Amino acid sequence: MSTQQTLSIIKPDAVERNLIGSIISLIEKNGLKIIEARMLQLSKEDAENFYLIHKDKPFFSSLINYMTSNKILVLKIEGENAIDEYRKLMGSTDPSNADSGTIRKLFAESIERNSVHGSDTIENANIEIKFFFR
Ligand code: ADP
Ligand code: MG
């Protein structure tokens, strides 16, 4: 166990439906601390770079349209084992497989419009934090 930092995005579907407060409240209630925040709208180029590992997936262009469709709130989060703890709090990518009480079970609309992003490894957390907070 160690203190880690991770990157979260509150995605367009959640910003549109006024869920920022509810999601931040869950993050804080679970012992994670928000240490930086930025609200912005991704350009197509930035969204494509952020999701570069998915560029050959069939859902890529739809994902880019969705992620650029409205503002997002980007959060830098810190805590004990923050990367895995936040992934656990998010729940499965597909909300129909997500555990009860998770952010995606509570709020996601679909496998694409699933309300939140969270880094999945220490290496990706570092890359993603640098992408938004330099
Ligand atoms: P996660 O966000 O749980 O790490 P992935 O890295 O696999 O999931 O996918 C990145 C994002 O792409 C997902 O959060 C979701 O918005 C979208 N996505 C993933 N799989 C699909 C799919 N089969 N159809 C549509 N969108 C998808
Ligand atoms: Mg991922």
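Q: Which residue in E3 is the bridge partner of Gln5?
A: In this predicted model, strand E1 covers residues 3–10 and pairs with E3 in the antiparallel sense over eight bridges. Gln5 has its bridge partner in E3, and that partner is Glu78.

Q: Which residue in E3 is the bridge partner of Ala37?
A: Strand E2, residues 33–40, pairs with E3 in the antiparallel sense. The pairing of E2 and E3 runs over seven bridges. Within E3, the bridge partner of Ala37 is Leu75.

Q: Why is strand E3 largely enclosed by the rest of the structure?
A: Strand E3 spans residues 72–80, and a residue counts as buried under 20% relative accessible area. E3 is largely enclosed because the buried residues number seven of its nine.

Q: What is the volume of the largest pocket?
A: The lining of the largest pocket has 25 residues, and among those closest to its centre are Phe50, Tyr51 and His117. Ile53 and His54 are also in that closest group. The volume of the largest pocket is about 610 Å³.

Q: Which element gives the most residues to the lining of the largest pocket?
A: Helix H3 (44–50), helix H5 (82–90), strand E4 (116–118) and helix H7 (122–132) each supply at least two residues of this lining. The element that gives the most, with four residues, is H7.

Q: How many residues of the lining of the largest pocket are charged?
A: Eleven residues of the lining are nonpolar and eight are polar. The charged residues of the lining number six.

Q: What is the distance from an oxygen atom of ligand 1 to a polar side-chain atom of Arg104?
A: The residues that surround ligand 1 include Lys11, Tyr51, His54, Arg87, Arg104, Glu112 and Asn114. An N or O atom in the side chain of Lys11 is 2.9 Å from an oxygen atom of the ligand. For a side-chain N or O atom of Asn114, the distance to a ligand oxygen is 2.9 Å. For a polar side-chain atom of Arg104, the distance to an oxygen atom of ligand 1 is 3.0 Å.

Q: How far apart in space are Asn124 and Leu19, C-alpha to C-alpha?
A: In sequence, Asn124 and Leu19 are 105 residues apart. In space, their C-alpha to C-alpha distance is 26 Å.

Methods. Residues numbered from 1 in each chain as written. Chains lettered and ligands numbered in written order. Predicted model: local features only at pLDDT ≥ 70, side-chain atom pairs only at ≥ 80, totals over all residues. Heavy atoms only, no water. Buried < 20%, exposed > 50% of the residue type's maximum accessible area, 1.4 Å probe, protein only. Pairing = 2+ DSSP bridges. 1 Å grid on protein atoms, 1.4 Å probe; cavity = no way out; pocket = protein on both sides within 12 Å on 5 of 7 lines; lining within 4 Å. Points joined across faces, edges and corners; volume = space filled by probe spheres on them. Nonpolar A, V, L, I, M, F, W, Y, C, P; charged D, E, K, R; others polar. Near = heavy atom within 4 Å. Polar contact = N/O pair within 3.5 Å; in protein donor to acceptor, adjacent residues only side chain to side chain.
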